Amino acid sequence: QVQLVESGGGLVQAGGSLRLSCAASGWIIGLNTMAWFRQDPGDQREWVATFRSAGSTYYADSVKGRFTISRDNAKNTVYLQMNTLKPEDTGIYYCNKVPPLRLANNDYWGQGTQVTVSS
């Protein structure tokens, strides 16, 4: 069964850290470019970071130097280490392959994980 499960979110004070995990089943993360996205209620999902299948990484300017995306092929999992968190990092974080997974002709997204940063 194809699945994406994000976890690791929570409530943290500004300046704190969190590590998000994205576990995949039914397909292989290491063969794909993976990315993390953030979404606020009522807003569009915005890109945060990318881990290309060949290993290069890219970050949105707003998180550069604070977030690190990584991959563990043995665990079929992608991570997002988030340091020096700011209130504007608050949102629901999703991961997906690029382009997104497709199931029954629709984009498939996991349930996401909520990150809340208090000031």
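Predicted model: local features only at pLDDT ≥ 70, side-chain atom pairs only at ≥ 80, totals over all residues.

Trainee: In what order do the six strands of the open sheet run?

Mentor: Strands are DSSP runs of E, at least two residues long, numbered from the N terminus; two of them pair if DSSP finds at least two bridges between them. Here the order is β2-β12-β9-β4-β5-β6, with mixed pairing. β2 (10-13) and β6 (57-59) are at the edges with a single partner strand each, so one side of each has no neighbour in the sheet. From one strand to the next the twist averages 25°, taken between N-to-C directions of lines fitted to C-alpha atoms, on a scale from 0 to 180 degrees.

Trainee: How many bridges join β9 and β12?

Mentor: Three, in the antiparallel sense, between residues 91-97 and residues 113-118. Ile-92 is opposite Gln-114 of β12.

Trainee: Which cysteines does the disulfide join?

Mentor: A disulfide is a pair of cysteine sulfur atoms within 2.5 Å. The structure has one, joining Cys-22 to Cys-95 with S to S 1.6 Å. The link is right-handed, with 50° about the S-S bond. Cys-22 lies in strand β3 (residues 18-25) and Cys-95 in strand β9, 73 residues apart, so distant parts of the chain are linked.

Trainee: Are Cys-22 and Cys-95 buried or exposed?

Mentor: Both are buried, that is, under 20% relative accessible area with a 1.4 Å probe and protein chains only; exposed is over 50%, and partly exposed is in between.

Definitions and conventions: Residues numbered from 1 in each chain as written. Heavy atoms only, no water. Helix = DSSP H or I, 4+ residues; strand = E, 2+ residues; numbered from the N terminus.
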